[in-house]
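Dear colleague,

I am passing on the structure below, and I would be glad if you could read my notes alongside it.

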Amino acid sequence: MAIRMGIIGFGYMGKWHLNNAPKVENVSVVAAYDIVPERVQAAEEAGLKGFYNLDEFLKEDINLVLVATPNDVHCELACAAMKAGKNVICEKPVAMSLTEVDRMIATAKENNVLFTVHQNRRWDKDFRIVKEIIETRELGNVYAIHSRLHGTRGAMFGWRAEPEHGGGMIYDWGVHFVDQLMWMLGFDAIKSVFCKTVKVKTPEVEDYFFLLLDLKSGAHIQMEVGTWVLNQLPRWMILGDEGTAYVNDFTRNGGIIKVDETVEPEEIVVMTTSGPTRTFAPRGKKEIINKELPDSPADLTEYYANLRDAIDGKCELIVKPEQVRAVFTVLEAAFESAKTGRQIEL
Ligand SMILES: NC(=O)c1ccc[n+]([C@@H]2O[C@H](COP(=O)([O-])OP(=O)(O)OC[C@H]3O[C@@H](n4cnc5c(N)ncnc54)[C@H](O)[C@@H]3O)[C@@H](O)[C@H]2O)c1
């Protein structure tokens with residue numbers, strides 16, 4: 001079936017989807033609705049049919065609606081579209097509470113339409129590399145994963161600084177990173193959640209968070225997102241009992257480090273200002289094996305192609321509503337932990 005997409009909210013991401021969704025065969029973007037007249041005009045200039053009224057927009061000949069507004073209105077707009085019989089992609093974070101998420105999932109079922117969320121960071125190159133390293137057991141047993149993003153600008157753009165619109169870094173990036181890890185490790189892999197949040201440069205929402213996720217396997221995840229960290233650490237560190245991998249940024253920049261157990265360890269002692277350490281001395285050069293990261297392919301157009309084919313009943317959605325719900329459960333636990341100072345068992 002040809003997909004005729006309509007966009008609600010023709011801002012930054014609305015335009016982004018206009019530029020990307022049609023890269024897939026049989027997917028076109030035909031209309032847009034926004035509450036800001038200049039945005040509707042921008043949509044018309046981009047060749048779309050512009051709408052100032054939601055009901056009129058939903059009467060248009062479209063079979064997929066993309067909701068790309070600030071987060072506080074995702075639920076009401078997605079539900080209105082589903083009640084009008086449209087399949088829906090909602091931007092992340094799906095909503096502002098688990099109650100809203102449940103309402104959206106129920107509305108999709110009641111109206112027999114597909115509902116999914118744009119968890120596009122499942123297609124990030126760096127993440128696919130980490131996924132391959134873990135799935136191939138390149139590092140043996142993985143006991144810790146560090147998923148981290150450090151920025152230097154101390155900026156939360158526009159409504160992202162406002163709690164009433166669903167601002168804050170947990171909703172903005174935490175949702176992506178929790179989704180990546182749960183998709184990779186299993187949507188029931190997490191046992192407990194501990195979270196610290198800080199408002200470093202933004203008065204009303206967290207622009208820094210640290211998340212400790214204990215896994216049922218015994219391993220754990222450290223997640224840290226900070227917008228004001230001027231000396232940056234790698235995007236990923238994967239610690240296994242047979243090696244360590246690091247990915248520095250969103251690309252294939254990084255490596256895998258292993259030890260050649262056949263080489264006799266060199267005796268090295270590091271003298272600190274107050275004493276010696278052998279435990280934290282570096283390895284001798286001959287003991288170390290440096291490997292390249294795998295070149296895991298990642299193509300985001302798969303997201304739209306999957307949705308098109310799922311609407312046709314040819315396959316299952318990659319981003320499933322129940323997965324989105326499981327991720328949101330972790331986010332809610334993170335907020336509760338940050339508020340109470342307690343570790344939250346799931
Ligand atoms: N998946 C990603 O990689 C990614 C990246 C950036 C943003 N996002 C998400 O996309 C969504 C939009 O973010 P953005 O950066 O495009 O924001 P934006 O502010 O650039 O655009 C939002 C648009 O929604 C319109 N709008 C606001 N309220 C509306 C309403 N009630 N009805 C119709 N239109 C309305 C605004 O006028 C604006 O044009 C957010 O949920 C955000 O979290 C996702």
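When helix 7 passes helix 9, is the crossing left-handed or right-handed? In this model, which is a predicted one, helix 7 passes helix 9 in a right-handed crossing. The residues that make the contact are, on the side of helix 7, Ile-170, Gly-174, Val-175, Val-178, Asp-179, Met-182 and Trp-183, and, on the side of helix 9, Gln-323, Ala-326, Val-327, Val-330, Leu-331, Ala-334 and Phe-335. Sorted by class, eleven of the residues in this contact are nonpolar, two are polar and one is charged.

As to the geometry of the pair, helix 7 spans residues 169–185 and helix 9 spans residues 321–340, and their axes come within 9 Å and cross at roughly 125 degrees. That angle lies in neither the roughly perpendicular range of 65 to 115 degrees nor the roughly antiparallel range over 145, and helix 7 and helix 9 are therefore oblique to each other.

The other element I would point out is an open sheet of six strands, which are arranged in the order 3-2-1-4-5-6 with parallel pairing. Its edges are formed by strand 3 (49–51) and strand 6 (115–117), each of which pairs on one side only, and from one strand to the next the twist averages 25 degrees.

Technical notes: Residues numbered from 1 in each chain as written. Predicted model: local features only at pLDDT ≥ 70, side-chain atom pairs only at ≥ 80, totals over all residues. Pairing = 2+ DSSP bridges. Helix = DSSP H or I, 4+ residues; strand = E, 2+ residues; numbered from the N terminus. Axes fitted to C-alpha atoms, helices over the stretch in contact; angles between N-to-C directions. Parallel < 35°, antiparallel > 145°, perpendicular 65-115°, else oblique. Left-handed = near helix turned anticlockwise from the far one by under 90°. Contact = placed C-beta atoms within 7 Å. Nonpolar A, V, L, I, M, F, W, Y, C, P; charged D, E, K, R; others polar.
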